[in-house]
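Take a look at the model first, then read on.

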Amino acid sequence: MKLYDSIIKTVLDETKKAGVVDITDNAASAWPVNEQSELVMQRDSAFELGGGVNPSVNYTLVSTEHIVSEDGVFLVGPDLSGINSDVAFARIVIIETEEIGESEEAYNAIRDMEFARYHVFPKGYMVRVSSQSNQEQVRISKEAKAKGIDFSAIGKAYIEKYKAIAHVKNVRVIFITKAETVEILKPYAKTADDITKSLTHIYDGLATDCGHCDFKKVCDEVEGMREMHLGMAKKNK
Ligand code: SF4
């Protein structure tokens, strides 16, 4: 699947320009997680990622083009130990999958990846998301900060969740706390989401009626999307 590849290239180029650092090995293991979202009260909060007037965004990109050759956690900007007040925040996940084709399996894999995106609950790390605007705000507890919480361990918790999904090979989690880079990469969330939504409808059996299709704009913009749907329809005839 190459549909997200031009956004992946932009993310990799922009984070490189911004001085991205590989922090995979900073933590020996994943940060502990809860079964469900934990409430961190304001009075127990050390600071918020993407809080207040700070920009925030989260999105997931999928490829089969050997772009992510191993699991990794990357960071642009200060790590959690170096933050003492609200900052801008982005969490961008790039997932390398096996060629999942155009079957029900592909539909299930995309659905499971969307589920995983919002269902990791690290201890002392309260995530609030808006799936409408793709914003993500995180409240870090004073206790977690005192225990040395860092993005390497949080990234590993996300990687574990994604790796439990069938067909996922490698996962790269990129955290960004530098406002300028968050602002540059924020607009791509909408295109990434439009691709995912279109894909789920296509896998769901959307008729190939381009003249009356809600996803025409996506197909006009994203290379390979129209070919994929028309190719699938031809095969299924
Ligand atoms: S090819 Fe694109 S525009 Fe045409 S029906 Fe399929 S999703 Fe809609």
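With 237 residues, a compact globule would have a radius of gyration near 18 Å, and the chain agrees, coming in at 18 Å. That radius is taken over C-alpha atoms, and the globule rule is 2.2 Å times the number of residues to the power 0.38. This is a predicted model, so local features need pLDDT of at least 70 and side-chain atom pairs count only at pLDDT 80 or more, while totals for chains, interfaces and linings use all residues. Residues are numbered from 1 along each chain as its sequence is written.

**The chain overall**

- The chain has eight helices and eight strands; these are DSSP runs numbered from the N terminus, with helices being H or I of at least four residues and strands E of at least two.
- The C-alpha trace spans about 60 × 35 × 30 Å along its principal axes.
- Buried residues make up 41% of the 237 in the chain. Buried means that 20 or more other C-beta atoms lie within 10 Å of the residue's own, exposed means 12 or fewer, and partly exposed is in between, with C-beta atoms placed from the backbone.
- Take the contacts with a separation of 6 or more: 87% of them are between residues 24 or more positions apart. A contact here needs C-beta atoms, placed from the backbone, within 7 Å.

- For two strands to count as paired, DSSP has to find at least two bridges between them.
- β3 (residues 56–63) runs parallel to β5, joined by eight bridges. Along that pairing, N58 has R91 as its bridge partner, and Y59 stands opposite I92.
- On to β8 (residues 168–176), which is antiparallel to β5 and also joined to β5 by eight bridges. I94 has R172 of β8 as its bridge partner.

**Strand β5, covered on both faces**

- In a regular strand the side chains alternate between the two faces of the sheet.
- β5 (residues 89–97) has nine of its nine residues buried.
- F89, R91, V93, I95 and T97 are buried on one side, and A90, I92, I94 and E96 are buried on the other.

**Helices across the sheet**

- Axes are lines fitted to C-alpha atoms, for helices over the stretch in contact, and angles run from 0 to 180 degrees between N-to-C directions.

**K169, a residue of β8**

- K169 sits in strand β8 and counts as partly exposed because there are 15 C-beta neighbours inside 10 Å.
- K169 and I95 are 74 residues apart in sequence, yet their C-alpha atoms are 7.6 Å apart in space.
- Leaving out residues up to four places away in sequence, K169 touches E96, T97 and E98.

**The three-strand sheet**

- The other open sheet has three strands in the order β2-β7-β6, with antiparallel pairing. β2 (45–49) and β6 (125–130) are at the edges with a single partner strand each, so one side of each has no neighbour in the sheet. On average, neighbouring strands here are turned by 15 degrees against each other, direction ignored.
- β2 pairs with β7 (residues 135–141) in the antiparallel sense over four bridges, with E48 opposite R139.
- β6 and β7 are antiparallel too, over six bridges, and Y125 stands opposite I140.
- The hairpin of β6 and β7 has four residues between the strands, and N134 takes a positive phi near 60 degrees there.

**Helix α6**

- The 16 residues of α6 (residues 188–203) should span 22 Å at 1.5 Å a residue, and the end C-alpha atoms agree at 23 Å apart. The expected span is 1.5 Å times one less than the number of residues.
- Buried residues in α6 are Y188, A189, A192, I195, T196, S198, L199, I202 and Y203.
- After α6 comes G205, with a positive phi near 100 degrees.

Key
Contact = placed C-beta atoms within 7 Å.
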